Amino acid sequence: MPENRTSHPLADDGPLADMMARLRAAIPHAHLGLTGLLVALVVLFSLAVPGFASVGTLRSFMFQLPLLGLLSLAMVVPLVTGGLNLAIIATTNQCALLMVFVMQTAIPAQAGTGAVLAGVALALAAGLLLCLAIGLLTGALVAYTGVHPILVTLGTKSLIDGVSIYLTRGMALSGVPDLVSRIGNSSVLGIPLVFLVMVAVAILVGLVLKRTAFGIACHMIGSNLEAARYSAIDTKRVLVGVYTLSSLVCFMAALVMLVIFNSASADYAQSYLLVTILAAVLGGVDPFGGFGTVGGLMVALAILQVISSGFNQFGLSNYLTLAIWGGTLIAVVTAQSIRPHLALFVSILRRRDGGAA
């Protein structure tokens, strides 16, 4: 009899079935270790740093986290597919620069509220279109050229940074209207608006990656690209969507950046690039693709921000914080690489003990 082509390929046993089982299971205890580490750090810094456990520290935490959080979300989307987007910082900065330029040009001095709102809306539309174009171009290059995403996004990063620095001569652009600053720095029930924006984007990205056909296809591509192709998934279209989504998250990061810095520059947040990868890997995202959750990323981001806030209040240098973050990344990657060997070693010891008994 001819092979039944209507059966779903994931119904068979194999790596895809195993991947889907792990994806759907969403083990509730998967992040217990990270959560325990977060609680331990909070307790440790509360005991060591006077005033750490305070409402002021919590508000500072919620105001500082969103930019890194949104950039990390932009990085996680391609990481799930086994790719990488090294252009997230460059995209965010150029988007912010364009929005400030449009607001400076379109909003005249002594403009009324209506003119300010119209200029801001025009700036937002321009920034959104720019991020959409960058995402589509990057995704098309990754999908249709077959070049590794590291090389493609490294090239787009250099191109975007070069254009931004050339047009601005490396100078920061200021001129964000007071209305935008007031709205961006406002709070809802004591919670900074920028933090609520990050939470909303995180929930949306998490639902897309976990509950939609597009998200499942992303995990399948990261787990096994060839198997995903044989599963009748248009991998090229999915990859274009992946880098487009990543760039659209950069648009939200650009909005937060304007609120935090009240200006835009090609040099802002450059040190965050590797930290976004650290947060993703620490949060359980497989650097080779296939697995990862937004929930784990959020817990990892909280851990990194607690370390940063604790060290700042303790009077230690920010450079030391960066060093510890780098050491954490090395430790996590090393632990992931040696874990299978440790499991094999433990199983051998148990067999020997059983044989001796």
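Tutor: Here is the term: a residue counts as buried when its relative accessible area is under 20%, and as exposed when that area is over 50%. Keep in mind that this is a predicted model.

Student: Okay, so is Ala 269 buried or exposed?
Tutor: Ala 269 has a relative accessible area of 15%, so it is buried. You'll find Ala 269 in the loop between strand E4 (263–264) and helix H12 (272–282).

Student: What about its phi?
Tutor: The phi of Ala 269 is positive, about 60°, although Ala 269 is not a glycine. Arg 169 also isn't a glycine and has a positive phi, of about 55°.

Student: Where is Arg 169, and is it buried or exposed?
Tutor: Arg 169 is in the loop between helix H6 (149–168) and strand E1 (173–174). Arg 169 is exposed, because its relative accessible area is 59%.

Student: New topic! How do H3 and H8 cross?
Tutor: The axes of helix H3 (residues 55–80) and helix H8 (residues 193–211) come within 8 Å and cross at roughly 15°. An angle under 35 degrees counts as roughly parallel, so H3 is roughly parallel to H8. The crossing is left-handed.

Student: Which residues meet there?
Tutor: Among them are Phe 63, Leu 70 and Val 77 in H3, and Phe 195, Met 198 and Val 205 in H8. The residues of this contact divide into 16 nonpolar, one polar and no charged.

Student: And Ser 72?
Tutor: Ser 72 is in helix H3 and counts as buried, at 0% relative accessibility. A polar atom of the Ser 72 side chain lies 2.8 Å from the backbone oxygen of Leu 68.

Definitions and conventions. Residues are numbered from 1 along each chain as its sequence is written. This is a predicted model: local features need pLDDT of at least 70, side-chain atom pairs count only at pLDDT 80 or more; totals for chains, interfaces and linings use all residues. Side-chain values use heavy atoms; hydrogens and water are left out. Axes are lines fitted to C-alpha atoms, for helices over the stretch in contact, and angles run from 0 to 180 degrees between N-to-C directions. Helices (H or I, at least four residues) and strands (E, at least two) are DSSP runs, numbered from the N terminus. Angles under 35 degrees count as roughly parallel, over 145 as roughly antiparallel, 65 to 115 as roughly perpendicular and the rest as oblique. A crossing is left-handed if the near helix is turned anticlockwise from the far one by less than a right angle, and right-handed if clockwise. Contact means heavy atoms within 4.5 Å. Ala, Val, Leu, Ile, Met, Phe, Trp, Tyr, Cys and Pro count as nonpolar, Asp, Glu, Lys and Arg as charged, and the others, Gly among them, as polar. Buried means under 20% relative accessible area, exposed over 50%, partly exposed in between (1.4 Å probe, protein chains only). A polar contact is a pair of N or O atoms within 3.5 Å; within protein, one must be able to donate a hydrogen and the other to accept it, and residues adjacent in sequence count only if both atoms are side-chain atoms.
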